[in-house]
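I am starting a notebook on a structure that is new to me. I will write down what I look up, in the order I look it up.

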Amino acid sequence: MLLDIRDQGKRGLRPVKLRNHLLVLGWNDKGRWTIAEFKADPRYKDTRVVVVAQLPETPVTDDEIRFVRGLPSLAETLDRAAASGATAAIILANDEQDARSDHETALVAAALRRVNPTVRISAELVAADNREHLRNAGCDAIIDAVSFTAGLLVRGVQDVGVPALIMHLLTSDVGSEIYRVAVDASFFGKPYREYVLAGLDRRHTVIALERAGETILHPDPSLPLAEGDVAFLVAKDAPV
């Protein structure tokens, strides 16, 4: 009986009963790296991960990572993955070389958004022209791997050291990272400059501000901070 249960889990036939988990919808060569990077962040090392893909069996060997077999765009599949209780989702392109994969990604995002309106969705984009299509489908973050890679390659010859710095900031297993944090209420009404200087004393560097959904790079130093403001900062450890 135990072997039957394990085999069903390996083949993705058992529904999961989880909350506050991460969904990985679809699968490609980036899948294992994506999960490893997510789990490398100490803030999320205990977060459960559920892979949902149309594969004959689980693509991962870690028994702690659950697998649900099926099309991620179907409500029945999402229900078996407990999608309504998930906190976040990462949608991987079905074919990284085929722009039509973006349309499949949009279908997955729209289906997920219907069952979980508040889930945070990050999606892989194949063709830059399809960005608005994915945004309209409900994706919060849209990652254009081709443009990102091209930008790093160009920076590698224009500004030596920039690609290494960016990769250093984007990986969770070493060095400093970029964090998104709510501005502390004690700074409401005070100038942005004061918040930046206070951050240096706490060994983190403020690099941008988010207000009303808009990211502001290089804010006016005299800009008064307000309730709802969010800061992006670089720090070795997650701010407390």
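Entry 1: I began with strand S8, residues 204-211, and strand S10, residues 230-235; 6 bridges join them, and the two run antiparallel. The model is a predicted one, which I note here for everything that follows.

**Entry 2: the chain as a whole.** I stepped back to count elements and found 8 helices and 10 strands in the chain. The C-alpha trace spans about 65 × 40 × 35 Å along its principal axes. Of the 240 residues, 40% are buried. I also looked at contacts with a separation of 6 or more: 61% of them are between residues 24 or more positions apart.

**Entry 3: parallel strands.** I turned to strand S1 (residues 22-25) and strand S4 (residues 88-91), which pair in the parallel sense over 4 bridges. Leucine 25 has isoleucine 91 in S4 as its bridge partner. S4 also pairs with S5, again in the parallel sense and over 4 bridges. Isoleucine 91 turns up here too, standing opposite alanine 123 in S5.

**Entry 4: leucine 125.** Strand S5 covers residues 120-125, and leucine 125 belongs to it. Is leucine 125 buried or exposed? Its relative accessibility is 2%, so I put leucine 125 down as buried. Beyond four places in sequence, leucine 125 touches Asp102, Asn130, Arg131, Leu134, Ile142, Ile143, Asp144 and Ala145. I also checked leucine 125 against leucine 223: they are 98 residues apart in sequence, and their C-alpha atoms are 35 Å apart in space.

**Entry 5: aspartate 102.** Asp102 was among the contacts of leucine 125, and I followed it up. Aspartate 102 sits in helix H4, residues 101-115. Which side chain of opposite charge is nearest to aspartate 102? It is arginine 131, at 9.4 Å. Aspartate 102 is buried yet has no salt bridge.

I then looked for polar atoms around the side chain of aspartate 102. One of its polar atoms lies 2.8 Å from the backbone nitrogen of valine 126. The side chain also reaches the backbone nitrogen of alanine 127, at 2.9 Å. Both residues are in the contact list of aspartate 102, which, leaving out residues up to four places away in sequence, reads Glu124, Leu125, Val126, Ala127, Asn130, His133 and Leu134.

**Entry 6: threonine 105.** My last stop was threonine 105, also placed in helix H4. Threonine 105 has a relative accessible area of 2% and is therefore buried. Setting aside neighbours within four places in sequence, threonine 105 is in contact with Ile91, Leu92, Ala93, Ala123, Glu124 and Leu134.

Technical notes:
Residues numbered from 1 in each chain as written. Predicted model: local features only at pLDDT ≥ 70, side-chain atom pairs only at ≥ 80, totals over all residues. Heavy atoms only, no water. Pairing = 2+ DSSP bridges. Buried < 20%, exposed > 50% of the residue type's maximum accessible area, 1.4 Å probe, protein only. Lys, Arg positive; Asp, Glu negative; His and termini not counted. Salt bridge = Lys/Arg side-chain N within 4 Å of Asp/Glu carboxyl O. Polar contact = N/O pair within 3.5 Å; in protein donor to acceptor, adjacent residues only side chain to side chain. Contact = heavy atoms within 4.5 Å.
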